[in-house]
Amino acid sequence: MTKTDLIAQVAANTEMSKKDAEAAVNAVFAALSKGMAEGEKITISGFGTFEVRERAERQGINPRTREPITIAASRNIVFKPGKALKDTL
């Protein structure tokens, strides 16, 4: 499903115009993005939880040269589906 498909689905389910549905979907994505950028844990009941996790700097090996390299620290988004979503699958 693409963003366009999602907007069309929201418009059909809520009897909104596609323009209003697009504004609503964009507002939800903006709120989620802002919250995760600030490091917040976002829980949507019945759907799941979005969380930002820190990965520490670590050592790795270049597979081509077999030389050790340092992999930089990073922040990753993790999604854990809720029970209701798991049950629908």
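Here are some friendly questions and answers about the predicted model shown above.

Residues are numbered from 1 along each chain as its sequence is written. Because this is a predicted model, local features need pLDDT of at least 70 and side-chain atom pairs count only at pLDDT 80 or more, while totals for chains, interfaces and linings use all residues; side-chain values use heavy atoms, with hydrogens and water left out.

Q: In which element of the protein chain is confidence highest?
A: Confidence is given as pLDDT, the predictor's score for each residue from 0 to 100. The protein chain averages 93, and 100% of the residues score at least 70. Helices (H or I, at least four residues) and strands (E, at least two) are DSSP runs numbered from the N terminus. Helix 3 (residues 83-88) is lowest at a mean of 91, and the highest value, 96, belongs to strand 3.

Q: Which residues form the largest nonpolar core?
A: A nonpolar core is a set of buried Ala, Val, Leu, Ile, Met, Phe, Trp, Tyr and Cys residues joined through side-chain atoms within 4.5 Å. Buried means under 20% relative accessible area, exposed means over 50%, and partly exposed lies in between (1.4 Å probe, protein chains only). The largest such core has 5 residues: Leu32, Met36, Ile42, Phe50 and Val52. Helix 2 and strand 2 each supply at least two residues of this core, whose members are Leu32, Met36, Ile42, Phe50 and Val52.

Q: Which residues is Lys41 in contact with, leaving aside its neighbours within four places in sequence?
A: Lys41 is found in the loop between helix 2 and strand 1, and at 54% relative accessibility it counts as exposed. Contact means heavy atoms within 4.5 Å. Leaving aside neighbours within four places in sequence, the contacts of Lys41 are Thr49, Phe50 and Glu51.

Q: Which residue forms a salt bridge with Glu54?
A: A salt bridge is a side-chain nitrogen of Lys or Arg within 4 Å of a carboxyl oxygen of Asp or Glu. A search of the whole structure finds 3 of them. For Glu54, the closest N and O atoms are 3.2 Å apart, and the partner is Arg75. This pair links distant parts of the chain, since Glu54 sits in strand 2 and, 21 residues apart from it, in strand 5 (residues 74-81), is Arg75.

Q: Why are Asp87 and Lys83 separated by about one helical turn?
A: The side chains of Asp87 and Lys83 meet in a salt bridge, at 2.9 Å from N to O. Asp87 is exposed, and so is Lys83. They are about one helical turn from each other because both lie in helix 3, and their spacing there is 4 residues.

Q: What is the phi of Arg66?
A: Most residues other than glycine have a negative phi. Arg66 lies in the loop between strand 3 (58-61) and strand 4 (68-71), where it is exposed, with a relative accessible area of 64%. Although it is not a glycine, Arg66 has a positive phi of about 65°.

Q: Where does Phe47 lie?
A: Phe47 is partly exposed, with a relative accessible area of 37%. Together with Ile44 and Phe79, Phe47 forms a nonpolar patch on the surface. Phe47 lies in the loop between strand 1 (42-44) and strand 2 (48-55).

Note on methods:
Patches are made of residues with over 30% relative accessible area and no salt bridge: like charges are joined within 9 Å, nonpolar side chains (Val, Leu, Ile, Met, Phe, Trp, Tyr) within 5 Å. Accessible areas come from the Shrake-Rupley method with a 1.4 Å probe; for residues, only the protein chains shown count as cover.
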